[in-house]
Amino acid sequence: MSSGGTDADLVRALKERAAANDSLVYAHRVYAEMAALARRHGLAAPRAALEIGPGVNLGSLFCFAASGVPALSAADVAPLPAAPPLFYETLREYLLATEGFSWWRAWADPASEVASFPSLEAFPSASALLGRIDHRSGVSSEALPFEDERFDLVYSVAALEHVPDPGGTAAEMRRVLAPGGLAIHEIDLKHHGAADPLKFLEWDDGEWRKRATLYGGDLSLSEILGGSFGGEIFCNRLRRDDWLAVFRGAGFSVEAAEPVVLLEEARVRPDRLAEPFRGRPVEELRVLSLRVVARRV
């Protein structure tokens, strides 16, 4: 096989693994996106970052640790499952190959006595990087166990749609953020258990709450990913404009709100939806994934 074919196969594999949140490629993608968004909005070097709902591993925070962020924390309602063997060791090697930071020049011949760059051994070990992360489980996002103004970055991916009290969560995020700090969140607005991404909007609130099971406790992300849970996963069903109102109501200035995934207009059909969704504009209903960047004011 030619080198071009090999590289094409590698790219296809990376794209596939970038969507799997138990993957080190996914962990690096989340880190890269969050770090880039933070830089775009004036936060080039976070001093302390918090991830809400990291799920099955601490991969993105591990990447932040490798980049030099000194204080890192995670909060989740569910326990953190054991990572696959050598997951963090392999992620460390992956970062050296892709990000490099200041250690990528370690390829220099150590016997030449002319290399002036840090050696591979100077890069922190996987256990040292992991040890910088303060992970708290069994924790509600409406009652974060951190002091006021502790962080300058709070982020999440596909977590906030599961919180039962979005306003309380936003208020807690504001409390633990320093003035001017950023909240960056990618929120999944589609039904988690059906091919129709708006199916869960067909039920009124009472019916939905009877059907759905809250994430955490007896329901963990590993059970969902493993396919052992066949019920409805609770989502708060907030739409784009609801989330913007939540952030603003908690004392944030929304600096960016961009759709990540849009549904074709013809597939929306508001007439089939329950109230209050039936009266929403099609342009709002078709947003299936939303990325919000908000600043504490």
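**Sheet and helices**

Me: Which residue in β5 does L153 stand opposite?

Reply: In this predicted model, L153 stands opposite L182 in β5. Strand β4 (residues 151-157) and strand β5 (residues 177-188) run parallel, and 6 bridges join them.

Me: What order do the strands of the sheet take?

Reply: The sheet is open and has 7 strands with mixed pairing, in the order β3-β2-β1-β4-β5-β9-β8. Its edge strands, each of which pairs on one side only, are β3 (133-137) and β8 (252-262), and the twist from one strand to the next averages 15°.

Me: OK, helices now. Which strands does α2 lie across?

Reply: Helix α2 (residues 24-40) lies across β4, β5, β8 and β9 (287-296), and runs at about 135° to β4. Helix α3 (residues 59-67) also packs on the sheet, where it touches β1 (48-52), β2 (71-76), β3 and β4, and its direction makes about 175° with that of β2.

Me: And α4, what span should it have?

Reply: Helix α4 (residues 87-98) has 12 residues, so at 1.5 Å a residue it should span 16 Å, which agrees with its end C-alpha atoms being 16 Å apart.

Me: Which residues of α4 are buried?

Reply: The buried residues in α4 are F87, Y88, L91, R92, Y94, L95 and L96. As background, an α-helix has 3.6 residues a turn, so residues three or four places apart point the same way.

Terms used. Residues numbered from 1 in each chain as written. Predicted model: local features only at pLDDT ≥ 70, side-chain atom pairs only at ≥ 80, totals over all residues. Heavy atoms only, no water. Pairing = 2+ DSSP bridges. Helix = DSSP H or I, 4+ residues; strand = E, 2+ residues; numbered from the N terminus. Axes fitted to C-alpha atoms, helices over the stretch in contact; angles between N-to-C directions. Contact = heavy atoms within 4.5 Å. Expected span 1.5 Å × (residues − 1). Buried < 20%, exposed > 50% of the residue type's maximum accessible area, 1.4 Å probe, protein only.
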